[in-house]
Amino acid sequence: MVEVDNEVLLLNNLKIELPALSIVETARPKQLFNDKQVEERLSPISGIHEYGPYDSTSTDQYLKRSFDEIELFVFYPQGESKVFSSLKYLMELMEYGYNRLTSRIDVDFDGFKQEFRLKRVHVPDRSEFISYKLGELDRVIQDHKELFYSSFRGGSIPIAIVGGTSHRSFYQNREQYIEAKRVFTSMDIPSQYVSYYEIEDSGFGLLWQVQRYYNTKSNPLGFALWNLSLNIYGKAGGIPWIVRQNISPKTNEVIDFSIGIRFSRIPNQRGYVLGHAVILDRFGKLSGTLTTRPLRLMGMKLSKYQAFRFFQDILIKALSDERVREIYGKGKREKINIAIHRLSTFHLEEIEGLKQALNKIREEVNVSEVNYGLISIIRSPLLALFDESNPYKNVVYGTALQINENTALIYTTGPLTQRAKRSMSYPIIASCVNLARRNSPFQTMSEVCNHILNVAALHWQTVIQASVRLPATLEFAQNIAKLASYGIQLKTGSWLEKTLWFL
Amino acid sequence: MKQKLTLNIMVNEGDSLVNVKILALRAKRQEIRRKWNAKSLRNYLVNQGIAHAFHGNFMWICPVDGRAVENLDVNNLMQEVFGASKSVVIRYLDLTSDEVWNPIGIILLRDALRYALISKVKSSSSLLVTPRCEVYEKNFIQAWRTIGVIAGVDLSRIVRINGNICVCIKLTYECYDGLFRRVDDPSIRVRAISRVTKITSDEYLARMSSIMQKILPLNVFISNKRILFNKWNRIIEKGVVRETLLRWLK
């Protein structure tokens, strides 16, 4: 069970101050696909199509792509002929591309290899698809593990595409998804689950959509194929785009690390939870993830010592990143800015533990100043704005409303322009616990809102802009926490740690 | 340029919640008779027009039906709830103060709001109130062969605003069958509800408005105080759109 956290407590404690109610100045995050990109605003699809993913052209030795080849391996459950045939069609689309059916809600896709500027993508032929009996995937993988290893040895990244009849919206057949994730993660192989979920008169999942597309030629697939490719690319360790984590457009100050923290209960072990952290660097690149040893918690509240250990481990992990070492190696920089996000509130003991960890780290890395911003997030829909001057009354993405001295509503999702018709979205509520205090990197609410928008723009799981509500730190940590609640975790030191294996 | 934004809150326009007269019974939650559990006790007391909260060795109670505290039949209540007499004192509390708000204030206010909503819709056959302070309109906004979805407003989120209180209103949905029984199967519910929730803000407002106009004005009594809700959206008067935002809106 993933932590619901004490969000209710934070909600109950929220105070609105009428004199503070005002629109906060924000700047829309700039997603960079290339260092020479001239356009201010590019959607992920046009950015990748025009420039390729960011790491394919980057000259920075730490950001540039470390692979040029991907090898796909396709798995399907025995006896599921519809899954098999949909997978066959899907692989054809991934290899040869797709022409949009309509101009409005569809988009072209030139094939995975072309769009993502890869030298080689091996898409298996239907005869190479591997079938497995449900519950026996482990054995099948053992029989084929040499295939994966030879792929690694040949310089490719192997990715397992697993078809099945489970879908995230339904509990039925959930064990299929869990089995696939558990088996491949334990073998350090990134996997992508694609579902075929059929109901009486309709269906869900990409494979179902593909089948329908081939049967009726009426189901637009462009966005779904882009999303799948983006997920596969992220799981191989690619960086499709970056967002520079500037605190404000007016200064050169950056947030060096953003850290998101979530908790999950350990199944069948009452009272014990795991803490999960996701670390993003100053470009929004994933620096790593960290899961604690089992913690005995009362009410999802870390003790001072637990917080000290947890934050110390996170900071050590963040600072041990190759690129980070280059920049912050002993005495090279004088200041580090860190933003820490969590749902619900930061308890006093946790803050004390964090301070202790920061002091220890400060001595070790020899920097004179470590600034930290503590940001509590409320994701439950509570307050919403309506724009009377908008024909649909929708509030534009990026709008922020300050509701008290250190809290604001922020629209991390929503229409990009005022006239765009899009379904209503709720803002998140962000509260900077130590706004404008000593050692806080954030001095104004505008800086806090910009930071949240910057981190939320790193939604590498979808090409649809402004569609993920939570900052990437918390969104990713939530995925890791969900998998951990099913007992799925990375091995220590796994290479997957710097990939989006959890998507 | 000024941008006119509205916020989905209804602010109390009645009495302030300072010096609210509350009865404190020296009793713990564990002392209640075995026939009650937390839910059934709350249902019973709200139906009697009484709000309650347990905190710090006391049961805090007050009438929410407009009666004065003195008119409560406390002895009868104690027998019914505890099967024994308890010592009683009268306290005057500031329900929105930091110490009182979480353990007592918000709980009593939710009970009071729930009672007020039940009383308000008693005469209306088209509305339905749930224990979680949700008010649904009994018309399917979309129906299929055997099931349909109804829309309602969730009024359970009470937030402090400048020493006063406001309720944050949210649209909510439920899935019912043809005989107006709640559909429990989550896969059917999720499917049905997800088909009606992808709407623009103006459609959202229209749905909310049709229910809110049947609820407002709403008088909520809590002991010696009367809370009044008249409007459900607040205009952000200070909403000056800065240059960067203007650029986005073009």
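## Chain B at a glance

Among contacts in chain B that join residues at least 6 apart in sequence, 66% link residues at least 24 apart. This is a predicted model, so please read what follows as computed from predicted coordinates. Six helices and 13 strands make up the secondary structure of chain B, and the C-alpha trace spans about 65 × 50 × 30 Å along its principal axes.

Of the 250 residues in chain B, 51% count as buried. The chain exposes about 11700 Å², with carbon and sulfur atoms supplying 48% of that area.

## A cis peptide bond in chain B

Here is a detail for anyone checking backbone torsions. The peptide bond from L216(B) to P217(B) is cis, and its omega is near -5°. P217(B) sits in the loop between α5 (201-215) and β11 (218-222) of chain B.

## Acidic residues in chain A

Turning to chain A, E92(A), E95(A), D125(A) and E128(A) together form a negative surface patch. One of these, E128(A), belongs to the loop between β4 (120-122) and β5 (130-132) of chain A. E128(A) counts as partly exposed because its relative accessibility is 38%, between the 20% and 50% cut-offs.

Another glutamate, E369(A), is in strand β15 (residues 369-378) of chain A. With a relative accessible area of 33%, E369(A) is partly exposed. Leaving aside residues up to four places away in sequence, E369(A) touches E334(A), K335(A), I336(A) and N439(A). For K335(A), 34 residues away along the chain, the C-alpha atom is separated from that of E369(A) by 4.7 Å.

## Positive phi angles in chain A

Most residues other than glycine have a negative phi. Which phi value does K393(A) have, although it is not a glycine? The phi of K393(A) is positive, at about 65°. K393(A) is placed in the loop between β16 (385-387) and β17 (400-404) of chain A. Its relative accessible area is 23%, so K393(A) is partly exposed.

A436(A), which is not a glycine either, has a positive phi of about 60°. The loop between β19 (428-432) and α13 (445-456) of chain A holds A436(A). A relative accessible area of 45% makes A436(A) partly exposed.

Terms used:
Residues are numbered from 1 along each chain as its sequence is written. Chains are lettered from A and ligands numbered from 1 in the order in which they are written. This is a predicted model: local features need pLDDT of at least 70, side-chain atom pairs count only at pLDDT 80 or more; totals for chains, interfaces and linings use all residues. Side-chain values use heavy atoms; hydrogens and water are left out. Helices (H or I, at least four residues) and strands (E, at least two) are DSSP runs, numbered from the N terminus. Buried means under 20% relative accessible area, exposed over 50%, partly exposed in between (1.4 Å probe, protein chains only). Contact means heavy atoms within 4.5 Å. Accessible areas come from the Shrake-Rupley method with a 1.4 Å probe; for residues, only the protein chains shown count as cover. Patches are made of residues with over 30% relative accessible area and no salt bridge: like charges are joined within 9 Å, nonpolar side chains (Val, Leu, Ile, Met, Phe, Trp, Tyr) within 5 Å. A salt bridge is a side-chain nitrogen of Lys or Arg within 4 Å of a carboxyl oxygen of Asp or Glu. Lys and Arg count as positive and Asp and Glu as negative; His and the chain ends are not counted. The place of a charge is taken as NZ of Lys, CZ of Arg, CG of Asp or CD of Glu.
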